[in-house]
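Visitor: Please walk me through this chain. I would like to learn how to read its features one at a time.

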Amino acid sequence: MDLVGSYTLHPGQLHSITGHRPVMGRGTLGRLLRGLQGEAVERTLGQLFSLCSHAHRRAARLVLHAANPHPDQPLPVDPPVLLWLETARDHLRSMALDWPRRQPSLPDQAAPQAWLHNCPLSISHTSSPVTPDQAWETLTQLRRWLEEALLGQPLGHWLIRHRDNKTLAQWCLSHAPKLPPAQHLHTWHALAHTLAPGSRRLDLLSNDPVLQTATMQTLANTLANDHNFTQTPSWLGACAETGPWTRLRHQHKPTTAQVSAWTRLAARWTELIEIAAIQPHTPAQQLPALLASGAQRVGDGQAIAWCEMARGLLLHWVQLDAQGRVVDYRVVAPTEWNFHPQGTLAQALTALAPQDTSSALELAAAFDACVECKVTAPAHLESRHA
């Protein structure tokens with residue numbers, strides 16, 4: 001059985017997104033994990049969701065500990081630097097491998113990944129696990145590489161000068177000839193004014209602990225009672241989207257600008273710079289709250305965990321038996337929110353002309369599925385992979 005699944009985008013059609021991931025629906029994941037405990041659950045999830053395995057393993061560790069009826073010891077808290085490093089790796093991988101495939105209008109390059117020469121962070125998702133000290137050292141090397149090889153200035157200075165879309169777009173224009181990510185963003189920018197779908201951000205996280213507890217309890221109840229929720233999730237009766245532009249840390253930032261497809265893409269580049277700009281040896285209480293993660297017990301042997309990762313907010317829910325073995329397990333990943341058949345992306349695709357595969361490809365890149373995604377065209381046009 002193919003558990004991975006895929007999506008197909010149909011611009012100009014009422015049903016503009018078809019496909020799904022079988023592993024997410026009909027209790028499949030719960031059956032695969034039933035009876036497993038601890039590291040076996042983490043390992044299996046890391047194999048099933050190999051592209052974002054670090055985030056799934058982190059969420060699994062959090063949710064299993066929160067649900068365990070007889071925890072033998074306190075949960076070893078993973079320092080946030082490990083999540084930051086892997087998220088930076090995911091962003092680089094998307095820019096190096098996915099962005100070129102989703103922008104066929106650009107001429108083929110003999111060495112499309114040459115800009116990553118001497119990058120200290122491998123984009124391989126099979127890289128060996130690292131210790132916190134190793135992660136800090138790699139982030140430090142990444143910061144120096146970005147400053148010296150790509151930006152020519154300290155990352156903090158760059159962030160101050162390029163926070164708004166206008167100045168960032170100008171920077172992309174000036175750096176497009178020599179830096180592929182800037183070239184992709186500059187080329188995509190031409191479509192931005194026509195691709196500004198209405199956005200309803202996924203606001204499940206809160207800095208208010210009382211509100212956070214109530215929200216997660218409600219969400220856990222929904223997950224426990226609705227088998228279809230994991231494949232077609234909604235919140236408060238409506239679809240929502242998640243990504244680097246919807247982080248908890250962005251919740252109360254005032255903005256009047258439209259969140260276009262280009263804004264969504266640029267947020268990935270900006271977040272890469274923000275992660276690399278973090279200084280090591282900073283006191284824990286002064287570290288920036290870049291990516292939130294945590295867990296909450298929501299019933300007898302039951303818990304829910306969350307983790308902000310490269311593509312958005314990841315959720316894990318588990319029901320354990322009295323011995324701490326999995327009875328049921330459910331995951332809601334960013335792709336299922338963003339590729340909902342009635343969501344923001346689906347509505348934007350329906351509004352396109354059927355032959356407008358270029359815009360559909362940009363939208364596919366902006367919402368960034370973690371499985372194969374292709375764009376169809378009318379019969380007289382060739383289908384293209386997104």
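**Reading the chain**

Guide: Just after helix H13, Asp 368 takes a positive phi of about 55 degrees. Helices (H or I, at least four residues) and strands (E, at least two) are DSSP runs, numbered from the N terminus. This is a predicted model, where local features need pLDDT of at least 70, side-chain atom pairs count only at pLDDT 80 or more, and totals for chains, interfaces and linings use all residues. Residues are numbered from 1 along each chain as its sequence is written, and side-chain values use heavy atoms, with hydrogens and water left out.

Visitor: Is helix H13 mostly covered or mostly uncovered?

Guide: Start with the cut-offs. Buried means under 20% relative accessible area, exposed over 50%, partly exposed in between (1.4 Å probe, protein chains only). H13 spans residues 357-367 and is mostly covered, with ten of its eleven residues buried. Among them are Thr 357, Glu 362 and Phe 367.

Visitor: How many helices and strands does the chain have?

Guide: There are 13 helices and eight strands. Of the 386 residues, 54% are buried.

Visitor: What radius of gyration does the chain have?

Guide: The radius is taken over C-alpha atoms, and the globule rule is 2.2 Å times the number of residues to the power 0.38. For 386 residues, a compact globule would come near 21 Å; the chain has 21 Å, so the two agree. Its C-alpha atoms fill a box of roughly 60 × 55 × 40 Å along the principal axes.

Visitor: What share of the contacts join residues at least 24 apart?

Guide: Contact means heavy atoms within 4.5 Å. Among contacts between residues at least 6 apart in sequence, 68% join residues at least 24 apart.

Visitor: Which residues does Met 309 touch?

Guide: Met 309 lies in strand E4 (residues 302-309). Its relative accessible area is 2%, so Met 309 is buried. Not counting residues up to four places away in sequence, Met 309 touches Cys 52, Ala 55, Thr 87, Arg 247, Leu 314 and Pro 334. Take Pro 334: Met 309 and Pro 334 are 25 residues apart in sequence and 8.8 Å apart in space, C-alpha to C-alpha.

Visitor: Is Thr 138 buried or exposed?

Guide: Thr 138 is buried, at a relative accessible area of 16%. Its place is in helix H5 (residues 132-151). Leaving aside neighbours within four places in sequence, Thr 138 is in contact with Leu 85, Pro 120 and Leu 121.

Visitor: What describes a pair of aromatic rings?

Guide: The distance of the centres and the angle of the planes. Rings of Phe, Tyr and Trp (its six-membered ring) pair if their centres lie within 6.5 Å; planes under 30 degrees apart count as stacked, over 60 as edge-to-face and the rest as tilted. The whole structure holds eight aromatic pairs. In one of them, the rings of Tyr 7 and Phe 339 have centres 5.1 Å apart and planes at 45 degrees, so the pair is tilted. Tyr 7 lies in strand E1 (residues 6-9) and Phe 339 in the loop between helix H11 (334-338) and helix H12 (344-350), so the pair ties together parts 332 residues apart in sequence. Both Tyr 7 and Phe 339 are buried.

Visitor: Which aromatic pair is edge-to-face, with 85 degrees between the planes?

Guide: Phe 229 and Trp 337, at 6.0 Å centre to centre. Phe 229 sits in the loop between helix H9 (209-225) and helix H10 (261-276), and Trp 337 in helix H11, 108 residues apart. Phe 229 is buried at 4% relative accessible area, and Trp 337 is buried at 1%.
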